[in-house]
Amino acid sequence: MLRGRRTWVFDQKPVIISTGTVGGPFEADGKLANDFDLLHADLWLQQDSYEKAQKVLLEEACQKAIEKAELQKEQIQFLLAGDLINQITPTSFASKTIGTPYLGLFGACSTSMEGLALGAFLVNSKGAKYLLTGASSHNAAVEKQFRYPTEYGGQKPPTAQWTVTGAGTALLSDSGVGPRVTSATIGRVMDLGIADPFNMGGAMAPAAVDTIEAHLRERNIDPAYYDLIVTGDLGRIGHEVSLDLLDQHGIRIRNDQYQDCGLMIYRQGQPVLAGASGAGCSATVVYGHLLNRMKKGEIKRLLVVATGALLSPLTYQQKETIPCIAHAVSIEYEE
């Protein structure tokens with residue numbers, strides 16, 4: 001199953017039998033609103049804190065995936081999930097409600113594909129029959145932790161991105177009908193010395209390119225193998241930087257073949273500066289919009305490269321640079 005140093009090729013091709021995607025009011029006004037299972041009209045979700053609201057986002061996304069698969073939660077062997085808040089507490093509290101054996105993950109905004117890669121590994125090796133994986137973020141909760149509370153009204157530079165309020169989950173199985181997870185390339189931590197927390201895209205771009213290059217090399221395939229290669233949340237700045245770096249590495253990817261979840265979720269005119277970010281960004285776009293396109297036959301082979309900035313408020317206060325990572329998962333669909 002191991003190909004090269006960092007790539008797993010799954011011979012059993014675990015199946016994504018269902019997904020659940022939940023968003024907030026800003027996402028309801030975005031380009032991909034029709035691809036969400038549930039959208040909320042306010043950020044509070046009838047809770048008394050934004051962190052509790054984020055917990056509800058993941059609970060609802062998990063429940064949607066379970067309902068769509070026509071299963072009971074007692075049939076799910078494991079939940080692999082995470083978020084950006086201190087000690088991934090919204091995810092841990094949500095797992096208490098869901099009641100499934102739980103493995104908490106932290107890969108920042110790369111968590112969605114970290115979970116899918118590890119989940120596919122477990123299912124492929126017969127470690128589980130049914131497994132849930134996902135990630136979530138909440139704009140007001142994450143902004144409060146990493147920058148300033150939204151009520152503060154602090155100004156942001158054009159390189160900054162907008163944290164998605166949303167959760168996306170996938171239910172994996174060893175059999176069934178749906179898109180199949182065929183391989184995964186695990187990222188390594190890259191740090192090129194960027195210390196600006198308002199330029200996450202630029203910081204994460206080298207990690208995305210490193211993982212893409214390793215995936216193509218270790219699978220011995222050309223970028224043209226995929227109908228679409230999509231990064232997690234590089235945004236406008238990171239997307240442009242990654243295109244330059246790919247060209248330097250001799251990797252030629254057509255512009256229409258290479259996209260970014262952070263540039264897909266919101267419509268033109270929404271004040272998102274350089275695009276979207278957050279652990280819920282790639283989770284909602286992939287498990288909603290992109291898998292819906294696969295089921296319509298518009299995409300046969302998809303490579304998702306979720307990117308994450310592995311900083312914390314503590315490391316920023318200590319004037320550390322931003323280490324970054326990217327995990328790639330290939331998803332293929334045959335009717």
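Q: Which residue lies over the face of Tyr225, and at what distance from the ring centre?
A: A charge counts as sitting over a ring if NZ of Lys or CZ of Arg is within 6 Å of the ring centre and within 35 degrees of the ring normal. In this predicted model, Arg301 takes that place over Tyr225, at 3.9 Å from the ring centre.

Q: What should I know about the numbering and the values before reading on?
A: Residues are numbered from 1 along each chain as its sequence is written, and side-chain values use heavy atoms, with hydrogens and water left out. Since the model is predicted, local features need pLDDT of at least 70 and side-chain atom pairs count only at pLDDT 80 or more, while totals for chains, interfaces and linings use all residues.

Q: How many aromatic pairs does a search of the whole structure find?
A: Rings of Phe, Tyr and Trp (its six-membered ring) pair if their centres lie within 6.5 Å, and planes under 30 degrees apart count as stacked, over 60 as edge-to-face and the rest as tilted. The search finds six such pairs. One of them is the stacked pair of Phe26 and Trp162, with 4.3 Å centre to centre and 20° between the planes. Phe26 belongs to helix α1 (residues 25-28) and Trp162 to strand β8 (residues 162-163), so this pair ties together parts that are 136 residues apart in sequence; helices (H or I, at least four residues) and strands (E, at least two) are DSSP runs, numbered from the N terminus.

Q: Is Tyr50 buried or exposed?
A: Buried means under 20% relative accessible area, exposed over 50%, and partly exposed in between (1.4 Å probe, protein chains only). Tyr50 has a relative accessible area of 10%, so it is buried, whereas Trp44 is partly exposed at 38%. Trp44 and Tyr50 form a stacked aromatic pair, with 4.1 Å centre to centre and 25° between the planes.

Q: Which residues do ring pairs link into a cluster?
A: The cluster consists of Trp8, Phe10 and Phe121, linked by ring pairs.

Q: How many salt bridges does a search of the whole structure find, and which residues are linked in a network?
A: Side chains of opposite charge can pair when their charged atoms come close. A salt bridge is a side-chain nitrogen of Lys or Arg within 4 Å of a carboxyl oxygen of Asp or Glu, and the search finds 14 of them. Arg6, Arg188 and Asp210 are linked in a network. The side chains of Arg6 and Asp210 meet at 3.1 Å, N to O. The side chains of Arg188 and Asp210 meet at 2.9 Å, N to O. Asp210 is buried at 10% relative accessibility, and Arg6 is buried at 14%, whereas Arg188 is partly exposed at 46%.

Q: Where does Thr169 lie, and which backbone oxygen does its side chain reach?
A: Thr169 lies in strand β9 (residues 166-173) and is buried, with a relative accessible area of 0%. Its side chain reaches the backbone oxygen of Ala61 at 2.9 Å. Contact means heavy atoms within 4.5 Å, and, leaving aside neighbours within four places in sequence, Thr169 is in contact with residues including Ser18, Leu58, Ala61, Leu132 and Tyr287.

Note on methods:
Polar contact = N/O pair within 3.5 Å; in protein donor to acceptor, adjacent residues only side chain to side chain.
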